[in-house]
Amino acid sequence: MKTLLEVKNLNIRNKEGQSLVHDSSFSLETGKTYALIGESGSGKTLTSKAILDMLPAHLQMSGDIVLQGEHLKQLSRKRWRSIRGGQIGAIFQHPEQALHPSIPIGRQFVDLMRSHLPVSRYEAEKQAKKMLSQVLLKDTSHVMSSYAHELSGGMNQRVMIAMALLLKPKILIADEPTSALDVKTQAEIIFLLKELILDTDMSMLFITHDLLISGYLADTIGVMREGKIIEQGSKENILSAPEHEYTQELCRHCSQRFLGKGEIPYA
Ligand SMILES: Nc1ncnc2c1ncn2[C@@H]1O[C@H](COP(=O)(O)OP(=O)(O)OP(=O)(O)O)[C@@H](O)[C@H]1O
Ligand SMILES: [Mg+2]
């Protein structure tokens, strides 16, 4: 198995010196999904922001992030951004916040593509439509001419996924991409991500509160609590033989939900 990205002894502190992420280490393998699961405030988003170089300036980070042998520690910020730019795509909980409100979707695709690759407007539009159909959006011409506020939450999340995949990244970071959607749309997006991962050799870091979704999507699960990864391992081990008391509780809660209601369509 080939390691694509390693997070090594990541520490993030706030201005007061309080530890928000504490000595976290994990790795992403080619073509595999790592789910980072944990309660609110446990440090999942900060971890993903550290990888994306999007941490606010007032937070201090130490440790290292290694992307295909390149150490963040040894690179200038500009160089890291250029290496990372085409190789890591990201989607978030509120896609409409990441999309420009007053630029049509199609133009955002074209601008993004042409800022990275020497392609004509015509070619960029063609690629954008192809990506939009890949995420199962039907009337791609209509989507291209729409503004984010004219589309549903689910459609906007599909647009974001298409945009994140446009430059063919090796890694997709998905930070609770379905938490703001209704249950049916959640399931559709989860299915879509699973298929995209199976069809390519892309890796995914999937951040969630939900052990059930992790069980469906991930190969490896890391459980985060109060800034620490308290347990990580193969999905099978974590789900069938959790060691940490907190993980055991998550598993119990998860099976009660599953057995009690049976309403989770991707379980
Ligand atoms: N910009 C920031 N400045 C200072 N502290 C922050 C900042 N962002 C997050 N924190 C703090 O860091 C801790 C971890 O936050 P983080 O957003 O990573 O949690 P999370 O696991 O993603 O939670 P959630 O599931 O609610 O999204 C929290 O205590 C939070 O208050
Ligand atoms: Mg978060």
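Analyst: Begin with the words helix and strand: helices (H or I, at least four residues) and strands (E, at least two) are DSSP runs, numbered from the N terminus. This is a predicted model, in which local features need pLDDT of at least 70, side-chain atom pairs count only at pLDDT 80 or more, and totals for chains, interfaces and linings use all residues. Residues are numbered from 1 along each chain as its sequence is written, chains are lettered from A and ligands numbered from 1 in the order in which they are written, and side-chain values use heavy atoms, with hydrogens and water left out.

User: Where does Asp23 sit, and what is its phi?

Analyst: Asp23 is in strand E2, residues 19-29. Its phi is near 50 degrees, which is positive although the residue is not a glycine. Gln68 also has a positive phi, near 45 degrees. Gln68 belongs to the loop that joins strand E4 (60-67) to strand E5 (70-71).

User: How do I read whether such residues are covered?

Analyst: By relative accessible area: buried means under 20%, exposed over 50%, and partly exposed in between (1.4 Å probe, protein chains only). Asp23 has 42% and is therefore partly exposed. Gln68 has 33%, so Gln68 counts as partly exposed too. Asn14, in the loop between E1 and E2, has 12% and therefore counts as buried.

User: Why is H1 described as largely enclosed?

Analyst: Seven of its nine residues are buried, so the rest of the structure largely encloses H1. The buried ones are Lys44, Leu46, Thr47, Ser48, Ala50, Ile51 and Leu52. As a general point, an α-helix has 3.6 residues a turn, so residues three or four places apart point the same way.

User: How do I read a sheet?

Analyst: Look at which strands pair: two strands pair if DSSP finds at least two bridges between them. Here six strands make an open sheet with mixed pairing, in the order E6-E7-E8-E3-E9-E10. Its edge strands, E6 (88-91) and E10 (228-234), each pair on one side only. From one strand to the next, the twist averages 15 degrees. For such angles, axes are lines fitted to C-alpha atoms (for helices over the stretch in contact), and angles run from 0 to 180 degrees between N-to-C directions.

User: Which strands pair with E3?

Analyst: E3 pairs in the parallel sense with E8 (residues 203-208) over five bridges, and with E9 (residues 220-225), also parallel, over five bridges. E3 spans residues 33-38, and six of its six residues are buried. Thr33, Ala35 and Ile37 point one way, while Tyr34, Leu36 and Gly38 point the other way.

User: Which residues come nearest to ligand 1?

Analyst: A residue is near a molecule or strand if one of its heavy atoms lies within 4 Å of it. There are 14 residues around ligand 1, and Ser40, Gly41, Lys44, Thr45 and His209 come nearest. H1 (residues 44-52) gives the largest share of this shell, three residues.

User: Which polar side chain touches an oxygen atom of ligand 1?

Analyst: A polar contact is a pair of N or O atoms within 3.5 Å; within protein, one must be able to donate a hydrogen and the other to accept it, and residues adjacent in sequence count only if both atoms are side-chain atoms. A polar side-chain atom of His209 is 2.8 Å from an oxygen atom of ligand 1. From the backbone, Leu46 has an N or O atom 2.9 Å from a ligand oxygen, and Gly43 has a polar atom at 3.0 Å from one.
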